Amino acid sequence: GLHRDAEAVDGLVTMAVGDEPGPARVAAEALGRIAGQRAVSGLLQACRRDADRMLEHALIYGLIEAGTPELLRESLESDMTRVRRRALIAADQLPLQQRRPASRADALLRGPLIAACRDPDPALRDTALWLISRHPEWADSLAADVPAILSRIAESRAGRAFRAGPG
């Protein structure tokens with residue numbers, strides 16, 4: 001990882017998707033340092049797994065370190081909410097790492113963020129709303145979407161209350 005050994009990618013991917021969270025964390029960070037398409041693809045494969053908070057942080061950090069928004073684009077539309085959530089956070093952090101101009105990240109994130117705000121998964125939706133709240137410069141471009149987002153949130157909360165039944 002520290003040596004950015006591209007030959008180690010296959011072994012690191014195996015560790016990142018393996019059952020042991022400790023080695024998976026180290027592997028995720030190393031893959032981010034190595035970067036490149038194979039390393040990022042391995043990170044995104046590992047993002048499919050269930051993870052504790054520390055491993056999730058390492059996976060997201062690896063994606064940020066790799067600094068490849070074009071490789072994150074496809075994952076922003078993944079059928080797995082945990083992959084979309086982790087890719088959204090990483091893509092949002094890229095400008096802070098001075099990897100890409102903010103305008104490119106804005107273009108990358110806008111559509112997937114709006115879709116995530118409407119998602120039935122509360123963790124993905126809350127993450128998307130949190131990310132949007134960090135970007136007041138997006139307010140004008142998102143204003144038209146707010147009523148639909150709020151409606152989706154209300155529907156989701158009503159559905160959860162209905163499924164829970166009376167107290």
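In the predicted model, helix α3, spanning residues 36-46, packs against helix α4, spanning residues 53-66, at an angle of about 155 degrees. The axes of α3 and α4 lie 10 Å apart. Because angles over 145 degrees count as roughly antiparallel, α3 and α4 are roughly antiparallel to each other. The crossing of the two helices, α3 and α4, is left-handed.

The contact between these helices involves V40, L43, L44 and A46 on the α3 side, which meet L59, G62, L63 and A66 of α4. By residue class, the contact of α3 with α4 comprises 7 nonpolar residues and 1 polar residue, with no charged residue.

The phi angle of A35 is near 60 degrees, a positive value in a residue other than glycine.

Empty space in the model was also examined. Rolling a probe the size of a water molecule over the atoms shows where such space is left. The largest pocket has a volume of about 180 Å³. The lining of this pocket consists of S41, L44, R48, E70, L71, E74, S75, E77, S78 and V83. Helices α3 and α5 (69-72) are the elements that give two or more residues to the lining of the largest pocket. In terms of residue class, the lining divides into 3 nonpolar, 3 polar and 4 charged residues. L44 of α3 takes part in the contact with α4 and is also one of the residues lining the largest pocket.

Notes. Residues are numbered from 1 along each chain as its sequence is written. This is a predicted model: local features need pLDDT of at least 70, side-chain atom pairs count only at pLDDT 80 or more; totals for chains, interfaces and linings use all residues. Side-chain values use heavy atoms; hydrogens and water are left out. Axes are lines fitted to C-alpha atoms, for helices over the stretch in contact, and angles run from 0 to 180 degrees between N-to-C directions. Helices (H or I, at least four residues) and strands (E, at least two) are DSSP runs, numbered from the N terminus. Angles under 35 degrees count as roughly parallel, over 145 as roughly antiparallel, 65 to 115 as roughly perpendicular and the rest as oblique. A crossing is left-handed if the near helix is turned anticlockwise from the far one by less than a right angle, and right-handed if clockwise. Contact means heavy atoms within 4.5 Å. Ala, Val, Leu, Ile, Met, Phe, Trp, Tyr, Cys and Pro count as nonpolar, Asp, Glu, Lys and Arg as charged, and the others, Gly among them, as polar. On a 1 Å grid over the protein atoms alone, a cavity is a set of points where a 1.4 Å probe fits but cannot get out, and a pocket is an open set with protein on both sides within 12 Å along at least five of seven lines; lining residues have an atom within 4 Å of a point. Grid points are joined across faces, edges and corners, and a volume is the space filled by probe spheres set on the points.
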